[in-house]
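Let's take a friendly tour of this structure. Here it is, followed by a short briefing grouped by topic.

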Amino acid sequence: MDKVAVHPPVMDNPAGRAARGRHLQGFVLQSPAIMLLLLWSVVPLLMTLWYSLRNYNLVDPTQQGFAGINNYWYLLTDPDFMTSLENTAILVGGVLAISVGLGTLLAVLYNEAFAGRGIARVLVISPFFIMPTVAALLWKNLMLHPIYGVYSAMMRAVGLTPIDWLSRYPLATLVMIVAWEWLPFAVLILLTAIQSLDMEQKEAARMDGAGMVAQFINITLPHLSRAITVVIMIETIFLLTIFAEISVTTAGGPGVASTNLAFLIYSRALLQFDVGGASAGGVVAIVVANIVAAFLLRAVARNLET
Amino acid sequence: MATVELRNLRKTYLHEEIIKGVSLAIAEREFIVFVGPSGCGKSTLLRMIAGLEDISAGDLLIDGQRVNDTEPARRGVAMVFQSYALYPHMNVYRNMEFSLRLAGMPEAERRQRIGDVARILQLDPYLDHKPGQLSGGQRQRVAIGRAIVRNPRVFLFDEPLSNLDAALRGQMRVELASLHRRLDATTIYVTHDQVEAMTMADRIVVLDKGVVEQIGTPLELYHRPRNLFVARFMGSPPMNLLPATINAHDPDGTMQVRTETLSVSIPTQQGGLEVGAPATLGIRPEHIRIDPQGAVQGMVEVSERLGAVTLLHVRLPDGQMIVVQTGGDNTDSADTPICMTFEEEHCHLFDADGMALARSTDHPLLAGA
């Protein structure tokens, strides 16, 4: 081994003490904000955990006391729960597929120069500014209503019988409505990403003999992969908790055909007044969200590496 | 390898003509350089040959075939871009493989060909690297490799060295020149750097505002510029230009030219300018000699010592500034009066329209050209 002079760390030199002092001072100054955040997130979490282990029904104050895992047991063995999980997955997956797939194509389209492009870009982004409740009501009453709806009028105009979309295909219709709301977001992010694509790369690909499709697959899509990951992550976080659209249009029905996890918790808590059961549902939702988040974060981290 | 012929090529963009009729015949294996100030249309012209820009009028022929409407990939040309335009998500191997894969070449043949090219360009150790992990010079080599693997008939280079630092640029210049000798490929190279143009070109095309000002070998352009634009553009520091009038001309064609402060006689061919006609006298900085017996007097304003040479910025008695290039051991400093001699055989004479008057003597280096 080479001779290396090793000095023992000097613990109490004045500079070190000053640094520690500053560190402590920083912590003290930051602590109110940190404490507030802790209160904000940890207290509700602890309360939910506590309620989920108790018998607690708002309309039956006589039933009280410790329930053990009964709330979880009833929830997990309830067939409605599995349906709601499935519906959540279909909602998230369906909306992601439509908004990312169509969003990518639209982003490519809106990147090309054409007359009125500026106006068209504003129009394609505008649904994002409409609040979910209003958007759902617009679709329910203005577009898809079997009697007054624009769509129904179109169907009748060509001699077809209008379909009552929300009762016949409730989940598919919800996917469509939510995708309509989220498509602008995907287009916006992907369009800005596509604008940063070096034109010389596409020209080089053209010189290499790549047609439009080959350019899209080999140049544009890899360039967009990072932005697509970001869109998927952000949309998933919001799509796991869709509530307003369901509440306004189908109220989870018919039956539980369009009930997702968020709506199931709501119906347990505020329709059946079962605070204990709803809290158990909340805890399950937290677990599900964290599992999804873990996968997503790993995917994003890998994609952002290079 | 191939010949390229441009017949009166024109490019109109939104009612504005950018390329105003360029005609040029490029021989097999020739190294042609387009130079000109920025905005002269040299890159547009190259992109028209590549097929990335439409040709508004005129004909483009490669190997005698009209390719105006042929897709870029089918023209048999390969291009190296200024930004290299490497595909960032593909490694070096995939970058070079892309065009071969699209052309449907079998895997074994692709591997073979990329291996050969990587060896020529010393890229073997980097085949697995992504472009982001490479230095500027290596990226440059990958871009060249991507062009070579296609085995094109014509190579097109669009200012390929302008993103490199000065030392690397010099090194890549030499590599490109030796690569051209080895590949024997017809090459069209766009640059605004005259050193690149002078050192690499077989012939240089000087462009200005979409018009060809002169086509010739580097030394032709340097020693016999056709007009004032080429005279100013080629050479660094640029040629000294002084307003002058024709004082007299001898029967053998020699012009007696005077400016405010000096007179020289320049051997031109007969039938030049009338006596009294306005003209411009041009002389390169290295053709002015410092000479105690010299007829031209001046005052040194600034002395730039570059080591090997010294550039003296000299004010003539009438206030005109000229640059004199002299040896690196020159001791004249600012505010020193000096006397100079203009080497008459190296003087250039331009008429009022800026066109050079033909000379009666040939430059020794241009004999037979």
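The contact draws 17 residues from chain B and 14 residues from chain A, where two residues are in contact if their C-beta atoms, placed from the backbone, lie within 7 Å. This is a predicted model, in which local features need pLDDT of at least 70, side-chain atom pairs count only at pLDDT 80 or more, and totals for chains, interfaces and linings use all residues. Residues are numbered from 1 along each chain as its sequence is written, while chains are lettered from A and ligands numbered from 1 in the order in which they are written.

**Where chain B touches chain A**
- Strand S6 (77-80) and helix H2 (92-102) of chain B each give two or more residues to this side; helices (H or I, at least four residues) and strands (E, at least two) are DSSP runs, numbered from the N terminus.
- The largest share, 3 residues, comes from H2(B).

**Two helices in chain A**
- The axes of H8(A) (residues 170-195) and H10(A) (residues 212-239) come within 9 Å and cross at roughly 145°; axes are lines fitted to C-alpha atoms, for helices over the stretch in contact, and angles run from 0 to 180 degrees between N-to-C directions.
- Residues making this contact include Trp182(A) of H8(A) and Leu224(A) of H10(A).

**A sheet in chain B**
- In chain B, 4 strands form an open antiparallel sheet in the order S2-S1-S4-S5; two strands pair if DSSP finds at least two bridges between them.
- S2(B) (16-26) and S5(B) (65-66) stand at the edges with a single partner strand each, so one side of each has no neighbour in the sheet.
- S1(B) (residues 4-13) and S4(B) (residues 57-62) run antiparallel, joined by 5 bridges.
- Glu5(B) stands opposite Leu61(B) in S4(B).
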